[in-house]
Amino acid sequence: MLNISKHSQQSLPLGASDCLLQPLWDYLLFHHLPLISSPFFPAILAFSSYVLFSLPFAALDLLGERVPLFHQYKIQPDRQPTLGMMAKSFMTALYNHIVFVLPALIIGMFILPAPVLPQDAPMLYEVFIDGLAALLLFDTQYYVWHFIHHKHPQLYRWVHAIHHEYLAPFSWSTEQLSITKLMTVGFWSTLDPILLKCHPLTTWCVTVFSIWMSVEDHIGYDLPWTLNRLLPLGLLGGAPAHDMHHQKPNSNYAPFFSHWDEIFGTAVTLSKKKRTKNYEKIISEKYCF
């Protein structure tokens with residue numbers, strides 16, 4: 001039996017607060033309560049976001065030079081992912097969720113308390129501040145985890161190497177992960193909003209936004225309208241930084257922000273001119289991490 005909160009539709013007053021998000025929250029509670037209170041909802045939200053965000057960039061990769069408007073921004077234009085590579089990455093993610101994540105959620109239904117959803121929606125500033133705090137905390141955790149795994153040969157080989165199978169990342173490779181890494185990332189993503197006492201709506205926004213940033217990191221395109229280009233001062237590394245991490249694994253460990261790499265001297269950037277020369281040099285080499 002699903003672990004569903006005990007809210008009743010009659011007990012939920014419309015307009016319980018003056019928050020701009022209250023109508024949306026009331027709608028979710030009244031019309032989608034069984035879904036959003038299900039223990040499966042966070043996993044469904046995360047995996048569906050990964051699929052939806054990856055599809056457009058997968059289409060761009062398959063079209064390649066036939067769409068010069070976008071292909072001109074390809075970071076490694078000589079390395080196009082094939083349909084087989086995409087299928088392998090997607091099937092790895094699907095396998096991990098069916099074989100490991102789903103059973104873990106079912107077990108959690110019987111040992112964890114039922115979620116209790118608040119009647120009031122969060123304020124917009126709370127979504128922004130709490131969401132940013134959750135992203136910064138996760139960014140710190142992942143930087144340390146990532147750095148350790150690249151410095152420890154056995155950890156790298158057994159836990160992280162699967163993600164470095166390809167020198168040039170692409171959208172579907174975002175979740176080409178070992179189950180250990182997937183569970184670790186999932187643990188932080190679940191625990192951090194609890195520690196920060198985030199509203200469920202804030203947590204879901206962070207989930208969707210973090211997956212968008214993760215996919216954007218792996219798309220292999222330095223598009224002028226991606227988040228790392230739109231935000232000032234180089235606050236986000238984006239696809240250029242993570243693409244360089246796949247080329248030079250001892251660099252750019254942070255998943256989203258750039259401050260830890262800058263502070264600890266692990267940030268690596270290349271100008272477009274240098275990057276082109278570098279690609280011509282490595283194109284004849286075979287990489288296998």
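Predicted model: local features only at pLDDT ≥ 70, side-chain atom pairs only at ≥ 80, totals over all residues.
Residues are numbered from 1 along each chain as its sequence is written, and side-chain values use heavy atoms, with hydrogens and water left out.

Let me start with the whole chain. Of its 289 residues, 47% count as buried; buried here means under 20% relative accessible area, exposed means over 50%, and partly exposed is what lies in between, with a 1.4 Å probe and protein chains only. Among contacts between residues at least 6 apart in sequence, 73% join residues at least 24 apart, a contact being heavy atoms within 4.5 Å. The accessible surface comes to about 15,400 Å², and 70% of that belongs to carbon and sulfur atoms; these areas come from the Shrake-Rupley method with a 1.4 Å probe, and for residues only the protein chains shown count as cover.

Now to helix H3, which covers residues 41-63. This helix has 23 residues and reaches 34 Å from its first C-alpha to its last, close to the 33 Å expected at 1.5 Å a residue, the expected span being 1.5 Å times one less than the number of residues. Where does H3 kink? There is a kink of about 35° at Leu55, shortly before the proline Pro56, and the bend at a residue is the angle between axes fitted to the seven residues ending there and the seven starting there. The buried residues of H3 include Phe41, Leu45, Phe47, Tyr50, Phe57 and Asp61, and what the buried residues of this helix pack against is helix H2 (33-36), helix H4 (68-71), helix H5 (83-111) and helix H9 (200-218). After H3 comes Gly64, whose phi is positive, near 60°.

A search of the whole structure finds 3 salt bridges, a salt bridge being a side-chain nitrogen of Lys or Arg within 4 Å of a carboxyl oxygen of Asp or Glu. In one of these, Asp61 pairs with Lys74, with the closest N and O atoms 3.2 Å apart. Asp61 lies in helix H3 and Lys74 in the loop between H4 and H5, so this pair ties together parts that are 13 residues apart in sequence. Asp61 is buried at a relative accessible area of 3%, and Lys74 is buried as well, at 6%. Not counting residues up to four places away in sequence, Asp61 touches several residues, among them Lys74, Gln80, Met86, Phe170 and Tyr221.

Glu165 and Lys88 also meet in a salt bridge, at 2.6 Å from N to O. This pair links distant parts of the chain, since Glu165 sits in the loop between helix H7 (153-160) and helix H8 (179-195) and Lys88 in helix H5, 77 residues apart. Glu165 is partly exposed at 29% relative accessibility, and Lys88 is partly exposed at 41%. Arg229 and Asp222 form a salt bridge at 3.0 Å, N to O; here Arg229 counts as partly exposed at 44%, whereas Asp222 counts as buried at 14%.

What is the nearest side chain of opposite charge to Asp261, which is buried yet has no salt bridge? That side chain is Lys151, 10 Å away, with Lys and Arg counted as positive, Asp and Glu as negative, and His and the chain ends not counted. Asp261 is placed in helix H12, residues 259-263, and its contacts, not counting residues up to four places away in sequence, include Tyr143, Asn252, Tyr253 and Thr266.

Finally, two loop positions. Lys197 has a positive phi of about 60° although it is not a glycine; this lysine lies in the loop between H8 and H9 and is exposed, at 73% relative accessible area. Leu233, likewise not a glycine, has a positive phi of about 65°; its place is the loop between helix H10 (227-230) and helix H11 (238-247), and at 81% relative accessibility Leu233 counts as exposed.

Conventions:
Helix = DSSP H or I, 4+ residues; strand = E, 2+ residues; numbered from the N terminus.
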